[in-house]
Amino acid sequence: MTRYLIGIIISLVALTFVRAVWGIIQKALVDEVKSAVGGDAPSPAAKPVPGADTTLRRCVTCGTYKPESAMLRYGAGDKSRYFCSADCEKKVNS
Ligand SMILES: [Zn+2]
């Protein structure tokens, strides 16, 4: 009878242990998926706001991509040139 009780207790302990480990594995998997998708805080470039000016323009000096509204613009139409900062503009014009 005592052996029977010990067997039940061992089974319960083992079951609890397995469930705890399985919970850790599931949590790790969820975190893995979250980080692969991009997490809870995606960058503005990856998730454009509808209606906002999010057309990405490339800085002709350093190649940085930024929304058009954040760029310094020179020229018009097809001849437009964009700079990410005044420093990049100076580098081109100097
Ligand atoms: Zn630049």
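**Exercise 1. How many of the 36 residues of H1 are buried?**

Solution. Before counting, note that this is a predicted model, where local features need pLDDT of at least 70, side-chain atom pairs count only at pLDDT 80 or more, and totals for chains, interfaces and linings use all residues. Residues are numbered from 1 along each chain as its sequence is written.

Step 1: A residue is buried if 20 or more other C-beta atoms (placed from the backbone) lie within 10 Å of its own, exposed if 12 or fewer, and partly exposed in between.

Step 2: The count for H1 is zero, so this helix is hardly covered.

Step 3: Now look at the protein chain, where 6% of the 94 residues count as buried.

**Exercise 2. Check the span of helix H1 (residues 2-37).**

Solution. Step 1: The expected span is 1.5 Å times one less than the number of residues. For the 36 residues of H1, that should be 52 Å.

Step 2: The end C-alpha atoms of H1 are 53 Å apart, which agrees.

**Exercise 3. Is Ser 80 buried or partly exposed?**

Solution. Step 1: Find Ser 80 in the loop between strand E3 (72-74) and strand E4 (81-83). Helices (H or I, at least four residues) and strands (E, at least two) are DSSP runs, numbered from the N terminus.

Step 2: Ser 80 has 13 other C-beta atoms within 10 Å, so Ser 80 is partly exposed.
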